[in-house]
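Trainee: I should like to learn how to read the features of a helical model. May we take them one at a time, with the structure before us?

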Amino acid sequence: MSDRTINQQPHTPHQAGPEQDRRTTQDAPHAPHTHGHGSEPDDFAVQIADSVESFVLSVTEVAKGDEPGSAVSLLLLEVSQLLLAGGRLGAIEDVVPDDRFEPDAGPEPDGEQLRERLAELLAPIDVYHEVFDPYGPPEKPNAFRISDDLAGVVGELQHGLTHYREGRVSEALWWWQFSYLSNWGTTCTAVLRALQSLIAHVRLDSPIGAAPDGADTDNDGLTDEQLEQQAGDLMAAELGLGR
């Protein structure tokens with residue numbers, strides 16, 4: 001399975017060293033978006049944090065599988081809402097954090113359980129394929145998993161939430177803005193396209209294509225036709241359509 005995050009993050013908490021100065025990567029001719037150290041978050045910060053927390057909680061609830069019939073629709077809504085918050089982060093000036101180097105946010109949460117639950121829930125439709133960079137050189141589509149992507153996005157958002165909850169507002173905004181531009185914005189855009197495509201295929205009565213040859217689908221020996229039928233049945237049941 002291809003990894004969209006490879007070589008996409010010039011700075012992460014795991015890679016930062018004492019000699020690295022992240023502010024030099026944020027230099028810009030316009031005024032930065034700043035927060036005083038220890039100050040109360042302004043309306044913008046509160047709104048972004050609320051959107052981030054809502055996404056994390058909602059995806060975690062969906063992954064429990066209590067309402068599998070609404071999983072795809074709920075994920076479509078949540079990813080769309082998160083991308084709105086990401087668009088706001090991308091549209092403002094560069095956020096300049098209070099500290100020159102990122103404070104330790106503690107151990108990263110283990111997202112494996114979330115990934116496994118999502119993979120089980122979305123099994124017939126988990127694998128999708130896309131071209132990573134529409135402005136890059138022509139390339140063949142790569143295979144990705146919705147479960148991998150969503151679990152990874154949740155992990156990145158939780159990292160910023162840790163800073164936010166500990167009162168490091170500018171640090172949280174810096175992290176969410178940077179990670180949106182470098183990774184989770186692209187990831188969520190791809191997932192949104194996949195989820196929207198699923199709904200469109202069913203409502204327009206258009207067959208769902210099989211995964212490309214060689215893609216790791218973990219289909220337990222199912223044929224392409226059986227996978228297609230399962231995916232179509234899943235979406236039809238969710239949308240209340242007869243097949």
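Trainee: How many residues does α4 have, and what span should they give at 1.5 Å a residue?

Mentor: This is a predicted model, and the check is a simple one. The 20 residues of α4 should span 28 Å at 1.5 Å a residue, and because the C-alpha atoms at its ends are 28 Å apart, the two values agree.

Trainee: Is α4 largely enclosed or largely open?

Mentor: In α4, 14 of the 20 residues are buried, so the rest of the structure largely encloses this helix. Ser-147 is placed in α4, and its relative accessible area of 0% makes it buried. Apart from neighbours within four places in sequence, Ser-147 is in contact with Arg-115, Leu-118, Ala-119 and Asp-126. Just after α4, Gly-167 takes a positive phi of about 85 degrees.

Trainee: How is the packing of two helices described, and at what angle do the axes of α1 and α2 cross?

Mentor: Two packed helices are described by the angle between their axes and the distance between the axes. The axes of α1 and α2 come within 10 Å and cross at roughly 160 degrees. An angle over 145 degrees counts as roughly antiparallel, and α1 and α2 are therefore roughly antiparallel to each other. The crossing in which α1 passes α2 is left-handed. On the α1 side, the residues that make the contact are Phe-44, Gln-47, Ile-48, Ser-51, Ser-54, Phe-55, Ser-58, Val-59 and Val-62. From α2 come Ala-71, Leu-74, Leu-75, Glu-78, Val-79, Leu-82, Ala-85, Arg-88 and Leu-89.

Trainee: Are α1 and α3 oblique or roughly antiparallel to each other?

Mentor: The axes of α1 and α3 come within 8 Å and cross at roughly 55 degrees, and the two helices are therefore oblique to each other. This crossing is also left-handed. Val-59, Thr-60, Val-62 and Ala-63 of α1 make the contact with Leu-114, Arg-117, Leu-118 and Leu-121 of α3.

Trainee: What is the arrangement of α4 and α5?

Mentor: Their axes come within 9 Å and cross at roughly 165 degrees; α4 and α5 are therefore roughly antiparallel to each other. The crossing of α4 and α5 is left-handed.

Trainee: Which residues of the largest nonpolar core touch the most other members?

Mentor: That core has 51 residues, and those touching the most other members are Phe-55, Leu-157, Leu-173, Trp-176 and Leu-195. The elements that give two or more residues to this core are α1 (43-63), α2 (71-91), α3 (112-121), α4 (146-165) and α5 (169-203). The most come from α5, which gives 16 residues. As for Phe-55, its contacts, leaving aside neighbours within four places in sequence, are Glu-78, Val-79, Leu-82, Leu-150, Val-153, Val-154 and Leu-157.

Trainee: How many helices and strands does the protein have, and in what order do the elements run?

Mentor: There are 6 helices and 2 strands, and from the N terminus on they run α-α-α-β-β-α-α-α. Of the 243 residues, 40% count as buried. Among contacts between residues at least 6 apart in sequence, 79% join residues at least 24 apart.

How values were computed
Residues numbered from 1 in each chain as written. Predicted model: local features only at pLDDT ≥ 70, side-chain atom pairs only at ≥ 80, totals over all residues. Heavy atoms only, no water. Core = buried A, V, L, I, M, F, W, Y, C linked by side-chain atoms within 4.5 Å. Buried < 20%, exposed > 50% of the residue type's maximum accessible area, 1.4 Å probe, protein only. Helix = DSSP H or I, 4+ residues; strand = E, 2+ residues; numbered from the N terminus. Contact = heavy atoms within 4.5 Å. Expected span 1.5 Å × (residues − 1). Axes fitted to C-alpha atoms, helices over the stretch in contact; angles between N-to-C directions. Parallel < 35°, antiparallel > 145°, perpendicular 65-115°, else oblique. Left-handed = near helix turned anticlockwise from the far one by under 90°.
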